[in-house]
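Me: Could you take a close look at the cavities of this protein with me? I would like to know where they sit and what surrounds them.

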Amino acid sequence: MFKADTPSGSTENQNRELVGHLDVFRENRKGPLWEEVMMWMMFFSTYAPWPSVTPILYLLVAGYMAILIFDYRTIVPVLLKSWPIFLLPLFGLWSFAWSPFPAEAFRSGVLFLLTPVIIVIAASRLSMRQVMRAMMFAGICTAILSAPYIADFAEGGLYPQKNYFAMQMLFLMLTSLATCLNPKESIWIRLIGVAFVPIAFVFQFLAESATSLVFAVLGIVGMLTLRFFWVGLGRVKHLRTMIFLSGVTALLFISLVILNLPQNEFVNDFLGLVGKDSSLTGRTAIWEAGRLTSAEHPIFGVGLEGFWFYDNGMAQTLNENDHKAFGTKLSFHSTYWETRVHLGWIGWSLFVFIVVWCFYRTVKEWFRTPTMDTSALLVMAVIILSSTFTESYLWGTFNTLVYLYYFGAVSAFGAEKREFVGKAPVYRNIEPTEAAATE
């Protein structure tokens, strides 16, 4: 039998033999309830589409800055490890120097920088389960407030645009599903998750957003597969890695075969399936405007807040073609074009680096600890990454998708990380007969 160390003066030490040392770790920390509520309020302020929540958002930001000051010993190391996600915001902040509206650009740059700071603070103090729970309850509150507008979901309901409403309901469904599949979560909270999975799915369906529904089906299949199949494969050494690499190889091979088929109509067929046309609902015209603008400002871009304004004829032409009032701030429906137009090739390169780094970190953590939490973050990271090509969500500030994508990458640096305490000596008890024989 092996035992840890006991006081050196005890009689027992005379009948023991030191056989080695064991590494001792402190288990994952769990943040206080008030901080979890604070995280829920932050998520709700990003879910809610009303300007009235803006003062609450600023108060929450001030609260997180206070937490950073009082617990800097814990948070600053995590901030330093998460340095890649700050590259683009810092560059965007400096774009006030060449933006046509420097004051607005500086304000947007500050918000751009505060967004990853908030999520790193949360990752430093809260566990994955606490953050996922806060996200789920924020979505539940939004769904309850949206319910009276159910007849208008196809126009967006409380939201100005139906796709944005459908995407919020998508992540409510995914976080609810992850919660009810998590065996480590409280049974009462899991039952709440079970109730809101079908509600969020129905709300998506009523919003008539085909793309969101495709993501919903893929997300459900992905989470169920990871929960009931992938986790069990961990009992066989290296089997997960072999299956993963085989799947990637098969996917690349099938893609090459399809793309080289003569008279390939798969792209148009897929677009028709999700309710899109070859212009992607007018997106190609906006992308062409982005291409022309970025050609005039290739290196640094036009700066933050430098495209959607009254005096920009190209922006107002897009407003007119989209039947929007002059001066309406639209989006390029592509995070890559948003970055390239506003921050040029430098910003585009930084953004691609951040996207790749975050996805790599999320996949790495999932391979290291394939729990329901890491599996859910991986599924959502895949969906968010897929949306960057036709939506600009990942370009936003204080945005649900930005929070989730960044959190999946930096969560292992903070409260989820086991802390090494030191080495503990291990002794073997020597039986009296053995001791006598030794003498």
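Reply: By class, the residues lining the largest cavity are three nonpolar, two polar and four charged. Here Ala, Val, Leu, Ile, Met, Phe, Trp, Tyr, Cys and Pro count as nonpolar, Asp, Glu, Lys and Arg as charged, and the others, Gly among them, as polar. Before we go on, please keep in mind that this is a predicted model, in which local features need pLDDT of at least 70 and side-chain atom pairs count only at pLDDT 80 or more, while totals for chains, interfaces and linings use all residues. Residues are numbered from 1 along each chain as its sequence is written, and side-chain values use heavy atoms, with hydrogens and water left out.

Now, what is a cavity? On a 1 Å grid over the protein atoms alone, it is a set of points where a 1.4 Å probe fits but cannot get out, and lining residues have an atom within 4 Å of a point. Grid points are joined across faces, edges and corners, and the volume is the space filled by probe spheres set on the points. Searching the whole structure gives two cavities of 30 Å³ or more.

The largest cavity has a volume of about 50 Å³. Around this cavity you can find R129, M132, R133, A178, T179, N182, E185, M372 and D373. Two or more lining residues come from each of α6 (128-146), α7 (162-180) and α15 (372-387). Of these, α6 gives the largest share, three residues. Helices (H or I, at least four residues) and strands (E, at least two) are DSSP runs, numbered from the N terminus. The protein has 17 helices and three strands.

Let us move to the second largest cavity, with a volume of about 30 Å³. Its lining consists of F112, T115, P116, L394, G396, V402 and Y406.

One loop to look at next is the one between α15 and α16, where F398 is found. Phi of F398 is near 45°, a positive value in a residue other than glycine. F398 counts as buried because its relative accessible area is 8%; buried means under 20%, exposed over 50%, and partly exposed in between, with a 1.4 Å probe and protein chains only. Another positive phi, near 50°, belongs to H333, again a residue other than glycine. You will find H333 in the loop between α13 (313-321) and α14 (335-368).

A further loop, between α3 (72-81) and α4 (87-93), holds S82. S82 is buried, since its relative accessibility is 0%. Leaving aside neighbours within four places in sequence, S82 is in contact (heavy atoms within 4.5 Å) with V120, W357, V410 and F413.

To finish, step back to the whole protein. Of its 439 residues, 46% count as buried. Among contacts with a separation of 6 or more, 75% join residues 24 or more positions apart. The structure holds zero disulfides, a disulfide being a pair of cysteine sulfur atoms within 2.5 Å. C358 is buried at 0% relative accessible area, and C180 is buried at 14%.

Notes: 1 Å grid on protein atoms, 1.4 Å probe; cavity = no way out; pocket = protein on both sides within 12 Å on 5 of 7 lines; lining within 4 Å.
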